[in-house]
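Please look through the sequence and the model below before reading on. The report that follows takes the chain as a whole and then turns to some of its residues.

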Amino acid sequence: MTQNPKSQARSAARLGAVQALYQQQMEGTKLAKLLDEFHQHRLGRVIEDEEYAEADVDFFDDIVSGVEARRAEIDEKLTARLAEGWTLARLDKTMLQILRAGAYELIARPDVPKASAISEYVDVAKAFFDDREAKFVNGILDAVAREAGR
């Protein structure tokens with residue numbers, strides 16, 4: 001099933017947001033510089049012979065900025081969903097950014113259907129991990145959505 005252009009642009013924005021959040025965590029890049037770099041050089045570009053789909057830039061900006069603005073709240077919600085003895089610091093850094101971006105959408109973007117948001121981030125997880133981790137993303141985000149009343 002092929003996605004419509006708006007849906008595809010949002011999918012590209014989500015993947016880009018996870019990559020941007022990962023870069024921010026690894027390098028400490030300031031938000032304005034990070035957004036500008038992705039606008040100019042990453043979103044919808046060809047990188048290492050791989051063409052990236054045109055992304056919904058406003059949606060990308062909202063996810064990245066929203067995660068930064070609400071990181072403490074998001075991290076608290078995610079930590080509450082982890083198994084006893086687990087911390088966010090123990091999670092793979094890419095996995096953490098997938099969960100943060102997904103949680104942000106679920107708590108701050110009521111315009112995005114819950115099932116779509118969760119499904120999209122499960123797909124992002126599958127790009128980096130195997131099915132076990134994708135199921136983990138599904139479980140955590142579903143619990144966050146329920147707590148958010150969605």
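Among contacts in the chain between residues at least 6 apart in sequence, what percentage join residues at least 24 apart? The share is 70%, where contact means heavy atoms within 4.5 Å.

## Basis of the model

This is a predicted model, in which local features need pLDDT of at least 70 and side-chain atom pairs count only at pLDDT 80 or more, while totals for chains, interfaces and linings use all residues. Residues are numbered from 1 along each chain as its sequence is written, and side-chain values use heavy atoms, with hydrogens and water left out.

## Overall fold

The chain has seven helices and two strands, and from the N terminus on these elements follow the order α-α-β-β-α-α-α-α-α. The radius of gyration is 15 Å, close to the 15 Å that the globule rule gives for 150 residues, so the chain is as compact as a globular protein of that length. Helices (H or I, at least four residues) and strands (E, at least two) are DSSP runs, numbered from the N terminus; the radius of gyration is taken over C-alpha atoms, and the globule rule is 2.2 Å times the number of residues to the power 0.38.

Taken along the principal axes, the box that the C-alpha atoms fill is roughly 40 × 35 × 30 Å.

## Surface and charge

The accessible surface of the chain is about 8200 Å², and carbon and sulfur atoms account for 48% of this; the areas come from the Shrake-Rupley method with a 1.4 Å probe, and for residues only the protein chains shown count as cover. Of the 150 residues in the chain, 44% are buried, where buried means under 20% relative accessible area, exposed over 50%, and partly exposed in between (1.4 Å probe, protein chains only).

The chain carries 21 positive and 27 negative charges, whose mean positions are 5 Å apart. Lys and Arg count as positive and Asp and Glu as negative, whereas His and the chain ends are not counted; each charge is placed at NZ of Lys, CZ of Arg, CG of Asp or CD of Glu.

In soluble globular proteins, nonpolar side chains tend to be buried together. Here the largest nonpolar core has 44 residues, and those with the most contacts inside it are Phe60, Tyr121 and Val137. Two or more residues of this core come from each of α1 (5–27), α2 (31–42), α3 (57–69), α4 (71–81), α5 (93–108), α6 (114–128) and α7 (131–147), and α5 gives the most, with nine residues. Such a core is a set of buried Ala, Val, Leu, Ile, Met, Phe, Trp, Tyr and Cys residues joined through side-chain atoms within 4.5 Å.

Leaving aside neighbours within four places in sequence, Tyr121 is in contact with residues including Arg14, Ile98, Val137 and Leu141.

## Selected residues

Arg14 is placed in helix α1 and is buried, with a relative accessible area of 3%. Beyond its neighbours within four places in sequence, Arg14 is in contact with Phe59, Ile63, Glu105, Val112, Ala117, Glu120 and Tyr121. Gln8 also lies in helix α1, but at 39% relative accessibility Gln8 counts as partly exposed; from C-alpha to C-alpha, Gln8 and Asp56 are 8.6 Å apart in space, although 48 residues apart in sequence.

Leu31 is found in helix α2 and, with neighbours within four places in sequence left aside, is in contact with Gln24, Val64, Ser65 and Glu68. Arg146 lies in helix α7 and is exposed, with a relative accessible area of 53%; the C-alpha atoms of Arg146 and Asp56, 90 residues apart along the chain, are separated by 27 Å.
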